[in-house]
Amino acid sequence: MHMLNLGILAHVDAGKTSLTERLLYTVGVIDEIGSVDDGSTQTDSLALERRRGITIKSAVVSFAIDDIIVNLIDTPGHPDFIAEVERVLSVLDGAVLVISAVEGVQAQTRVLMRTLRRLRIPTLIFVNKIDRRGADTDRVLRSISERLTPAIVPMGRVDGISTRDARATAHTGFTAGMLDVLSAHDDALLTSYVEDTVSYGQLRASLAEQTRRTLVHPVFFGSAITGAGMDGLISGIKELLPAADGKPDGPVSGTVFKVERGPAGEKIAYARMFSGTVRTRDRLTFGDGDGEGDGGGGGGGRDREGKVTAISVFERGSAVQETSVSAGRIGKLWGLGDIRIGDTIGVPRQQSGEWSREEPGEQSAEGPRRQSGERHHFSPPTLETVVVPRRTADKGALHTALTQLAEQDPLINLRQDEKRQEISVSLYGEVQKEVIQATLADEFGLDVDFRETTTICVERPVGSGEAVEFNGKDPNPFLATVGLRVDPAPVGSGVEFRLEVELGSMPYAFFKAVEDTVKETLTQGIHGWQVSDCTVSMTHSGYSPRQSHAHQGFDKSMSSTGADFRGLTPLVLMDALRRAGTQVYEPMHRFRLEAPADMLGALLPVLARLRAVPQTTETRGRACVLEGAVPAAQVHELEQQLPALTRGEGELESAFDHYAPVARGTVPERPRTDHNPLNRKEYLLNVTRRVSG
């Protein structure tokens, strides 16, 4: 049996969950088609998913097409849950991108297609809802060609469009359009084309090869509601998308793309295996793939391990308990208590020899396919809000519950403010508030409210700065010497820690304490924001060796401990950072706004007020298209005002693009949640009682 791990992706409301139901019904996995409106679908299992009719968490269900086992992964379409889509992309062999025949290409469709092409994931396009009033496949094909990619091959025609009897009829031969698209990448086919000797078999073989190499994208038509076009789509999935590869006897390599908790609270990891075989009772190592932690303040690195206590695999509609899961398959693993979403199991995929289906030296126009260990194909969350329990007594339970939610979604970062007894969570959008609120109520019995949503900025050093405090010299109350220098680094480089002292000059545990504390301290810079894109070098080190009184044990008052280095490092680091100076940067979105051309005069003043800067303006008939940059903090207001400004015809597409210096008004400050090493007296009172003077 061959395996195929298939993703279903779409803009919200394009009908992908309905398509999943129809596929499962057509292949005989389910006897009755569930309804998104009624909340009876196979893959939307969360209570909120059923109430809202949207997909929030990815779900896996399996079915067979002849000798191929397909693991079908239904993913969210709402932009607020794009992080969930990101995790699925790393485990796919192929994808179906669903587009409505009525609404056509929408903002999220473009974001998804750009990412699928950049990651070189073979993709079929399914134009859904051909039975709906207003469906227009010719218009949608033009839009796909203009706004997504011209490398498309329509696989049939539609009869009776916009009626309940709409049917999709597959091409039984080839068309000139097919030949034009395919011969552009196939010299042998081009020669046969010129010599008029092309066979349908040759054309079909070229189509399959070019689809698998992501050079072209076949387009199918149909209706998930009526079942029209399902046979053609199923044949395309079987014949045109590549089967999962990987060696079952190779080194163990897999990626965790989902974590849930079972009835007893145990963690269950969903893992795609790229190489090797995992068996029950195996001890596995796992971590973030690059050996440098998760960057989110917990659980990262390559030093975690656990013993697999149970395994199940997906087979014909359900998860079946097995003793092993091998390369190419998706398995549910029990027993790995410290596992996190995004973790690599075993060796990173690029080290297993199974990380790319590209030929040597081959590269798409948009760059080489990324490796499994490389994450964050989508933007980081740029919003945050404070979660407040309605009952004061629930504060402890709320922290526990939010910690569990963050385990299941590593891009939901938590900030605990001990001083104010508050917890902040990061967000992609306002809808996530409702999801968090409903999840806390349904799963944990907690009723919560939210404060106003604010934008998450970052800080970057402006120049270089140094500071040092010596052991035994006032005003240093710690038994440690720490010297640090902060230097700017290229954008996107994160934080790097270096040693400019001999590694053997003091115990390694003290160096490790300094490094860990540096990274923890830089989560709050001079203005309270995360500091990034800098190098921190340790320039001085020193300690008091272990000492004891006669006939007595170890004396902490005379000997350095890790606590001394953890206590001193924030003071030295913030002093160095203050001397270097920092600039606060706010998140900026790239936007594309399409609106009636006669409304441009009303739009431009509003864009200026919201600090949106159009960089290109293009007129297309009666429509104008503006592209540029807008602060993330203003996107929500722009979305709210757009319908009134454009008679309801405006379409806005935006996505995080970069951070830009805050250029206007007061520099935004973020309330500190640490012991405030910027205020030496306050810090020392909080950290230690050994205050000199």
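Me: How does serine 464 count: buried, partly exposed or exposed?
Reply: Buried means under 20% relative accessible area, exposed over 50%, partly exposed in between (1.4 Å probe, protein chains only). The relative accessible area of serine 464 is 46%, so the residue counts as partly exposed.

Me: What kind of model is this, and which atoms do the side-chain values use?
Reply: This is a predicted model: local features need pLDDT of at least 70, side-chain atom pairs count only at pLDDT 80 or more, and totals for chains, interfaces and linings use all residues. Residues are numbered from 1 along each chain as its sequence is written; hydrogens and water are left out, and side-chain values use heavy atoms.

Me: Where does serine 464 lie, and how far in space is alanine 580 from it?
Reply: Helices (H or I, at least four residues) and strands (E, at least two) are DSSP runs, numbered from the N terminus. Serine 464 sits in the loop between strand 25 (458–461) and strand 26 (465–469). Alanine 580 is 116 residues away in sequence, yet the C-alpha to C-alpha distance is 4.5 Å.

Me: Which residues does serine 464 contact, leaving aside neighbours within four places in sequence?
Reply: Contact means heavy atoms within 4.5 Å. With those neighbours set aside, the partners of serine 464 are Val486, Asp487, Pro488, Arg579 and Ala580.

Me: Among contacts between residues at least 6 apart in sequence, what share joins residues at least 24 apart?
Reply: The protein has 17 helices and 34 strands. Of its 693 residues, 54% count as buried. Among the contacts in question, the share joining residues at least 24 apart is 73%.

Me: Serine 537: buried or exposed, and in contact with which residues?
Reply: This serine is found in strand 30 (residues 534–543). Serine 537 has 2% relative accessibility and therefore counts as buried. Beyond neighbours within four places in sequence, serine 537 touches Gly483, Leu484, Arg485, Arg498 and Glu500.

Me: How many aromatic pairs are there?
Reply: Rings of Phe, Tyr and Trp (its six-membered ring) pair if their centres lie within 6.5 Å; planes under 30 degrees apart count as stacked, over 60 as edge-to-face and the rest as tilted. By this rule the aromatic pairs number five.

Me: What geometry do phenylalanine 257 and tyrosine 270 show?
Reply: Phenylalanine 257 is in strand 10 (residues 253–261) and tyrosine 270 in strand 11 (residues 267–275), 13 residues apart. Both residues are buried. Their ring centres are 6.1 Å apart with 70° between the planes, and the pair is edge-to-face.

Me: Which residues form the ring cluster with Tyr270?
Reply: Tyrosine 270 also has lysine 258 over its face, at 5.0 Å from the ring centre. Here a charge sits over a ring if NZ of Lys or CZ of Arg is within 6 Å of the ring centre and within 35 degrees of the ring normal. As for the cluster, ring pairs link Tyr270 with Phe257 and Phe314.

Me: How many salt bridges does the structure hold?
Reply: A salt bridge is a side-chain nitrogen of Lys or Arg within 4 Å of a carboxyl oxygen of Asp or Glu. The structure holds 34.

Me: Aspartate 447 meets which arginine in a salt bridge?
Reply: Aspartate 447 is partly exposed at 31% relative accessibility. The N to O distance in the bridge is 3.7 Å, and the partner is arginine 391.

Me: How does arginine 592 count: buried or exposed?
Reply: Glutamate 627 forms a salt bridge with arginine 592, at 3.7 Å between the closest N and O atoms. Glutamate 627 lies in strand 33 (residues 623–631), arginine 592 in strand 31. Glutamate 627 is partly exposed at 34%. Arginine 592 has 6% relative accessibility, so it counts as buried.
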